[in-house]
Each structure stands twice: as C-alpha cells, then as structure tokens.
Amino acid sequence: MSGDGTSAQSGRRSEERAQSSAEQTRSGARPDNMSDTRNGARTGTMNHDAKPLLSARDLAVRFNAPGGRVARAVDGVDIDLAPGEILALAGESGCGKTTLARTLLGLERPSEGTVAFGGSPLRYSTRALKAYRRAVQLVLQDPSGALNPRHTVYDAVAEGLRIHGIHDNERERVADALSRAGLRPPEKFFLTYPHELSGGQRQRVVIAGALVLEPQVIIADEPVASLDASVRGEILALLLRLRDELGLAAIVVTHDLGLAWNIADRIAVMYLGRIVEEGPVDRVLTEPRHPYTQALVSVLPNSPLPEPVVLTGEPPDATAVPGGCRFHPRCQVLAGGLAEQAGVDDECRRSDVALGTDHIACHYARTMSTATT
Amino acid sequence: MTPVLEIDDLRITYRGSRGEVPAVRGISMSLEPGDTLGLAGESGCGKSTVAGAILRLLPRETQVTGRIVLDGDDVLTMSFGKLRAVRWAGASIVFQGAMHSLNPVHRIARQIAEPIVLHEGLSSDAAEKRAVELMAQVGLPAWRASSYPHQLSGGQRQRVMIAMALACSPQLIIADEATTALDVMIQAQVLALIKRLVAERNIALVMISHDLSVLADTCDRLAVMYAGKLVEDGPSHEVFAAARHPYAQALSAAFPTVGDPAERRNPHGLAGDPPDPSNLPTGCSFHPRCPVVRDDCASTSVELRRARDDWRAACLRVEEVA
C-alpha cells in the first residue's frame with residue numbers, strides 16, 4: 001500500500017458530505033463531554049460511560065491464502081475507543097493488529113461484524129469513506145516511505161486539503177498543522193523536500209498531513225519504530241500533547257510495551273487475531289492476568305514481574321489457529337500444571353475463549369477470579 | 001590474560017562524493033575472553049563502522065588508522081590470506097538482516113557447513129553433520145537442515161546466523177543489531193541463547209544496538225558512542241540506571257521502564273537530531289543538544305575522563321553529574 005493511499009484512493013472530489021457517518025458525529029461530539037473523557041483519561045481511569053467514538057463488534061477479517069487455506073487475520077474482535085482516549089494495540093508480528101487497524105480505517109472490509117463511528121455503522125461507498133477518512137486519519141510507520149520525495153513539505157501537508165476540496169485559507173491551515181506538529185516556524189519548512197529533513201522531522205510532516213484535516217481520531221501504526229532512540233520520546237510527547245490540546249483520540253499499533261506505558265490510557269493485547277486482554281495500561285502492564293500478557297511483560301528489561309517467562313516456539317500462522325484456547329499450545333500455565341489443578345485444562349484444550357465482560361480471554365484466569373470473589 | 005580484542009585510537013574516515021567524512025574519531029577498547037561489551041548509539045554514530053573495521057569489511061578506499069589487535073595479530077596490517085583465516089575462525093559477525101545475509105538458493109545446513117569446509121578442511125558430508133549439531137545448539141530442529149531461508153521465520157533465520165557465527169569456534173562474536181528486527185518474545189529467546197553460548201564457550205562478545213535496555217540486560221559493560229567517539233564506558237547496569245554523560249542519560253531514558261510511575265505518560269526525548277558527521281559542531285559535539293550545556297562546552301573538546309576506576313565519561317561536568 002502506498003503512503004498516501006488512505007486519502008488519495010478516494011477518487012472523485014466532492015464537497016457534499018451530507019449524511020455521512022463522519023459528519024453526523026463531527027457535529028454530534030460536544031466539546032463539554034469530550035473534556036470529561038479527557039480528564040478521566042489523564043487520571044488513568046477510563047470513562048466507560050462516554051459514548052465510544054469508534055467501535056468494532058464481532059469483527060472478523062479473513063484472507064484467502066495459497067492452497068485454499070483461509071487466514072483468520074482478525075477473528076472475533078470487540079473494541080471501543082472513547083473520545084480523547086489513547087489506545088495501544090499491542091502484539092507480535094502476525095497477530096492481526098495492523099489488519100485490525102486497517103479495518104477500523106475502512107481500508108479493509110470486514111468479513112463479519114461491523115465498525116461504527118459515532119454510533120453509525122461505517123458505509124463503504126467511495127463518498128462515505130472519503131468523509132470518514134477526513135475524521136479518522138492514518139499515520140504510517142516509515143516517514144521516508146510515506147512522503148513523496150518530489151513533493152515539498154507544503155504540498156505534502158496540503159494534499160489532504162486539496163483532495164477534500166478545502167480551498168479556503170490553505171496556507172494558514174498548512175502553517176497551523178506544521179506548527180502543531182512541532183515544525184516551527186512553519187514557513188521555514190514550506191519549500192523543503194523530505195530528503196532535507198531528519199527522520200524525526202519527516203515523521204512530524206506525516207503527522208501534520210494528518211492534522212491538517214482536523215481529524216477526531218488518528219490511527220498510528222508503529223509511529224516511532226523507524227526513528228532514532230533520542231527522537232522517539234519527542235514524537236510520543238507530541239501525540240500526548242495533541243490529545244491534551246485538541247482532544248484528539250488515537251489508536252497506536254505497536255509491538256513495544258514501553259511505548260504503551262509512555263503514552264496510552266488503555267491497552268489491548270492481541271494474539272492470533274483476537275484480543276486476549278484489555279484494560280487500563282497501569283493495571284495490564286503491572287498486573288497482567290492473561291498468561292500471554294504475563295509472558296510479554298516478564299521478558300521486558302527491568303520487568304515489574306519477578307521471573308522471566310520465555311515462551312518457546314513462535315505463534316502459529318493465522319491459517320492454522322489451534323482449537324480450544326488459541327494460546328494453549330504455548331501456554332505456560334497449562335504446561336506448568338496450574339490449569340489442571342484448577343480443573344480447567346480440558347476446557348483450555350477444547351473450548352475456544354473470547355474476551356468477556358472481565359476483559360480477559362482465559363479459562364484459567366476466569367476460574368481463578370470467580371474463585372476469589 | 002591476553003585480550004582477545006584490543007582497539008587503540010581507531011580513526012576511520014570514509015571518502016565519497018561528499019569528500020572526507022570522519023565516522024570514527026579515536027576509539028580505544030579492550031576485551032578479554034568471556035567479556036561482554038554493549039556498544040550503543042544512534043544511526044550514524046559509527047558503531048557499525050567499528051564492527052566492520054574489526055574484520056576489515058569496509059570499502060577499500062576508507063582510511064583507517066590506529067590499531068586493531070585480534071588475538072595478538074594486527075588486523076589492519078595482516079595479509080589477505082591471514083585475514084581470511086581470521087574471519088569466521090577468529091572472529092565472526094552476526095548482522096541484523098538475516099534474510100539478506102543468507103543465500104536464498106542454498107539449504108540451511110549447507111550454508112552453516114560452508115565456513116567449516118573452508119576453515120577446517122572437513123568433507124562437506126562431515127561438515128553438514130557438524131552443522132546439524134550446531135543447529136541443535138541454537139534450538140533449530142534437525143529436519144530444518146534441508147530447508148531454504150525463505151521457509152524459515154525471522155527468528156529462525158537469526159538462529160541460523162548465530163549457528164554460522166559459532167561454526168568455527170571463534171573467540172570473538174560481534175552481534176550488530178542482531179535482534180533488532182525480531183519480536184519481543186523471539187528477541188528474548190535469541191538473547192538468552194547468545195548469553196548461554198557466550199558463557200559456555202568463554203567467548204568475548206561485542207553487541208551493537210541502539211537499545212540500551214537490551215544491552216544492559218545482556219552485557220557486563222556498556223559503551224555509548226556519539227558522533228564517532230565514546231562518550232561513556234562503564235558497568236552496564238550502573239550506566240543504564242545512572243549514566244554520567246547527558247547523552248547516555250537521554251538514550252537510557254528513551255526506553256522506559258514499564259511499571260515505573262515516573263515514566264508513565266511521560267516520554268523523554270532529546271530535542272534536535274544527531275549531527276551530520278561531515279559537519280560536526282565545535283568543542284563537545286553533543287553541546288548543541290545538551291540539556292546541561294555550559295559556556296565552555298562549545299570551545300573545549302573533551303575526551304573520556306575518569307568517573308570511577310571502572311567508569312569513564314566524556315563530559316566537562318563528569319564530577320558534578322555524579
């Protein structure tokens with residue numbers, strides 16, 4: 001996929017955006033209830049009463065793989081994003097986090113289930129998608145690949161405006177987006193080309209290109225993975241500041257739990273197409289309950305957990321999702337005999353388990369928590 | 001004990017269309033058997049150039065001065081025949097992109113066997129038997145011997161590279177961002193493997209990465225490079241926890257400790273960008289980005305200073321910072 005695919009593929013230009021799902025919420029989102037959520041987010045307790053801005057229900061995305069096999073890239077996902085919230089979507093490569101993000105952006109059509117924005121199901125007509133993508137913007141991983149080397153910074157940022165037919169105050173809008181992204185004074189960058197910028201500056205240009213359309217949500221796929229270590233913190237601080245200043249909600253796709261600790265309010269951990277644990281970052285990363293999350297957290301340098309659990313092997317690919325709990329062949333709790341002691345080992349091997357109201361997809365954890373309460 | 005590797009005032013200048021670019025500007029270090037050194041820094045700081053110089057893998061026109069002594073022999077002056085004998089058997093390198101380092105049309109066992117055939121004169125059948133033993137040591141099943149690289153996952157390919165690096169029992173292994181592209185869990189597996197093998201065989205290890213937290217976990221000593229020079233060198237856990245040089249501090253703060261309330265919703269970055277090696281700032285090359293810069297930093301060039309017996313930092317404020 002090309003870097004500007006999100007906006008550029010939308011085809012015809014049109015000023016009519018009436019009745020699109022995006023427009024409805026745009027006018028529907030009141031600043032007052034938005035700031036409520038933001039305060040909740042900052043103290044680390046998510047306000048679940050706030051209506052979700054973006055949500056997915058029973059989402060499944062399947063791809064045909066060679067040999068007639070079917071890859072279940074996303075396999076039964078429910079997820080909500082509140083206004084002003086930063087959600088980290090974490091997991092190893094191949095777990096389906098990028099496919100989920102692309103589906104939430106409308107770049108991929110779900111095989112089952114729905115994506116809804118502001119309470120209205122996403123519609124997949126060209127016109128509806130175009131309006132949607134004004135409200136929900138994508139920020140890609142590698143800024144060198146996402147920017148056209150022959151476009152100046154000004155053109156790169158203004159492209160979204162031109163596609164959406166916004167012609168008034170173009171210069172001010174571009175300047176404003178650049179300075180919000182931390183490129184100041186913006187005029188100094190108008191006529192520069194991507195190769196004249198450092199990696200961090202290029203990522204800021206990509207972010208400015210998203211901001212110029214005044215979105216309500218940005219979806220960032222590994223936004224700092226290709227950046228130098230010392231620059232990484234600056235870009236993360238920028239995402240936090242945009243949330244505080246503009247109430248901008250974000251989904252950050254990452255394999256890096258440190259990033260989630262740095263900026264996210266809530267985290268959803270994915271394994272083989274499904275969210276296995278979800279909750280506030282402060283809880284999930286200090287007291288993980290799912291054995292997979294426990295293992296991921298335990299191998300971090302200076303982990304808050306005492307003993308490192310290095311899982312053997314690798315996740316199976318999405319065309320061969322194991323029966324029963326999909327994590328059971330690698331599960332240290334099952335292998336160590338704890339599941340048997342709790343009398344759930346048969347269930348682990350035989351019955352599939354999804355995220356429940358307890359926000360965890362694990363037979364063992366579920367039994368233990370009902371036993372203690 | 002005699003050092004496995006001794007580097008003395010190493011200076012490396014690339015010559016290209018942009019003129020002369022000093023990539024490494026005077027580095028000294030020494031490793032004994034069993035020593036593990038983490039070499040940290042960002043892109044362009046010269047850390048991979050140092051790795052390449054140790055086995056003379058840099059472009060021919062590159063100007064290299066100083067001394068690199070590998071097990072008693074000077075690498076920079078040795079004959080090409082001797083150099084070939086030293087590569088793989090004396091020291092080996094594990095690079096980051098295993099897919100690009102492996103030959104796509106050769107089976108795994110044959111690739112691991114190749115250096116054994118060349119260096120130890122074994123028949124290819126005997127060498128492939130050794131290759132399968134090595135595969136077992138790095139946790140690859142024997143049936144993978146007949147696989148091609150594209151049939152392996154990234155973690156498995158990196159294990160193949162490690163098996164190759166071990167094939168001729170070198171005394172030094174250089175791992176250049178060997179786990180950077182891997183997933184967290186696979187990275188943990190590969191790091192545990194490297195740690196175990198280095199300890200078992202008493203090999204010296206130079207591990208290069210931009211991720212200080214990984215280096216601190218794997219290596220005993222940590223050296224941080226900035227703009228072609230070492231700016232800090234000391235015991236790894238202490239350097240990671242309380243670096244003396246402001247750049248090393250920033251680099252270790254860039255990787256948050258999950259669970260530390262001070263770093264929750266508080267990412268630390270460093271304003272500015274790494275300097276262009278062909279146009280370095282005067283004085284301390286870090287001074288334009290330094291959060292604790294003082295007046296004389298722009299004019300005084302600063303070398304490594306002793307902070308403690310086993311700990312050095314190149315900062316005018318080294319006593320204050322401690």
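In the predicted model, the two domains of chain A meet through 15 residues of domain 1 and 13 residues of domain 2. Strand β2 of chain A, spanning residues 69-81, makes the greatest contribution to the side of domain 1 that touches domain 2, supplying eight residues. When the residues on this side of domain 1 are sorted by class, seven are nonpolar, five are charged and three are polar. The domains themselves cover residues 5-269 of chain A in the case of domain 1, and residues 288-372 of chain A in the case of domain 2.

Chain A also touches chain B, in a contact that draws 36 residues from chain A and 34 residues from chain B. On the side of chain A, the elements that each provide two or more residues are α10 (229-246), α11 (257-263) and α13 (291-298), and of the residues on this side the largest share, nine, belongs to α10(A). The composition of the side of chain A that touches chain B comprises 19 nonpolar residues, together with 11 polar and six charged ones.

Confidence in the prediction was examined along chain A, for which the mean pLDDT is 86, with 86% of the residues reaching 70 or more.

Key
Residues are numbered from 1 along each chain as its sequence is written. Chains are lettered from A and ligands numbered from 1 in the order in which they are written. This is a predicted model: local features need pLDDT of at least 70, side-chain atom pairs count only at pLDDT 80 or more; totals for chains, interfaces and linings use all residues. pLDDT is the predictor's confidence in each residue, from 0 to 100. Domain bounds come from an automatic or database domain assignment. Two residues are in contact if their C-beta atoms, placed from the backbone, lie within 7 Å. Helices (H or I, at least four residues) and strands (E, at least two) are DSSP runs, numbered from the N terminus. Ala, Val, Leu, Ile, Met, Phe, Trp, Tyr, Cys and Pro count as nonpolar, Asp, Glu, Lys and Arg as charged, and the others, Gly among them, as polar.
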